[in-house]
Amino acid sequence: MNDNVILKVDNLNTEFILDNNKRLQIIKNVSFNVYKGKMLAIVGESGCGKSVTACSIVRLLGKNGHTYDSSITFMPSNGKTYHLDALAPYGKEIRSLRGKYIGMIFQDSSLSLNPVQTVGKQVMENLMEHEIIFFYDFLEDLLFEKCLNLQYHID
């Protein structure tokens, strides 16, 4: 495989099983590569399967959705190779990759963010989950900031 390829999608097929047990194929035989340092735009009409394609790659399909006869190979900067199509959708291994090495920005962020929590707190949770920052460092910085604010108000 080309050393510059970080994501290789071969023959992606995604279907959803409906309430009446009928199968509805949404994605059929899609293939592409994403190269290191490059961007790939997936464009098309509303409802053509762009979001389903992305959700298929990062294993975020609903319980009634699945991929089949597909190969999704991901080679992040950690030097390992992951066969995303073989990972359990909500397993530990795929969760360790999401947010740290691969992610998706949903079209409607208001559905992704909790309106009763600050955006900063929600971003911080993701960073701490992937040990990009350590919890104790976060607490120390927060405590220092609060102490400065308290001192400012007392003076």
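Does Asp10 count as buried, partly exposed or exposed, and what is its relative accessibility? Asp10 counts as partly exposed because its relative accessibility is 28%. Here buried means under 20% relative accessible area, exposed means over 50%, and partly exposed is in between, with a 1.4 Å probe and protein chains only.

Before going on, a word on what you're looking at. This is a predicted model, where local features need pLDDT of at least 70 and side-chain atom pairs count only at pLDDT 80 or more, while totals for chains, interfaces and linings use all residues. Residues are numbered from 1 along each chain as its sequence is written, and side-chain values use heavy atoms, with hydrogens and water left out.

**The overall picture**

The protein has 4 helices and 5 strands. Both are DSSP runs numbered from the N terminus: helices are H or I with at least four residues, strands are E with at least two. If you read along the sequence, the pattern goes β-β-α-β-β-β-α-α-α. There are 155 residues, and 25% of them count as buried.

The protein exposes about 11,300 Å², with carbon and sulfur atoms supplying 56% of that. Accessible areas like this come from the Shrake-Rupley method with a 1.4 Å probe, and for residues only the protein chains shown count as cover.

What about contacts, meaning heavy atoms within 4.5 Å? Take those with a separation of 6 or more: residues 24 or more positions apart account for 54% of them.

**Salt bridges**

Back to Asp10, which has a charged partner: it forms a salt bridge with Lys8. A salt bridge is a side-chain nitrogen of Lys or Arg within 4 Å of a carboxyl oxygen of Asp or Glu. By this rule the count comes to 2, and here they are:

| Salt bridge | Closest N and O atoms |
|---|---|
| Lys8 and Asp10 | 3.9 Å |
| Glu15 and Arg23 | 2.5 Å |

Lys8 is partly exposed, because its relative accessibility is 22%. In the other pair, Glu15 is buried, with a relative accessible area of 8%, whereas Arg23 counts as exposed at 53%.

**Ser56 and its helix**

Now find helix H1 (residues 50-57), where Ser56 sits. How buried is Ser56? Its relative accessibility is 0%, so it counts as buried.

If you leave aside neighbours within four places in sequence, Ser56 is in contact with Leu12, Thr14, Leu61, Thr67 and Ile72. After H1 comes Arg59, with a positive phi near 65 degrees.

**The cysteines**

How many disulfides does the structure hold? The count is 0, going by cysteine sulfur atoms within 2.5 Å of each other. Cys55 is buried, with a relative accessible area of 13%, while Cys48 is partly exposed at 40%.

**Asn13 in strand S1**

Next, look in strand S1 for Asn13. Asn13 is buried, because its relative accessible area is 4%. Its side chain reaches the backbone oxygen of Asn11 at 2.8 Å and makes a polar contact with the side chain of Gln25 at 3.2 Å. Asn29 lies 16 residues from Asn13 along the chain, yet their C-alpha atoms are separated by 5.6 Å. Not counting residues up to four places away in sequence, Asn13 touches several others, among them Ile27, His66 and Tyr68.

**A patch on the surface**

Leu18, Leu24 and Ile26 make a nonpolar surface patch of about 220 Å². Patches are made of residues with over 30% relative accessible area and no salt bridge, where like charges are joined within 9 Å and nonpolar side chains (Val, Leu, Ile, Met, Phe, Trp, Tyr) within 5 Å. Ile26 belongs to strand S2 (residues 23-35) and is partly exposed, because its relative accessibility is 33%.

How values were computed: Contact = heavy atoms within 4.5 Å. Polar contact = N/O pair within 3.5 Å; in protein donor to acceptor, adjacent residues only side chain to side chain.
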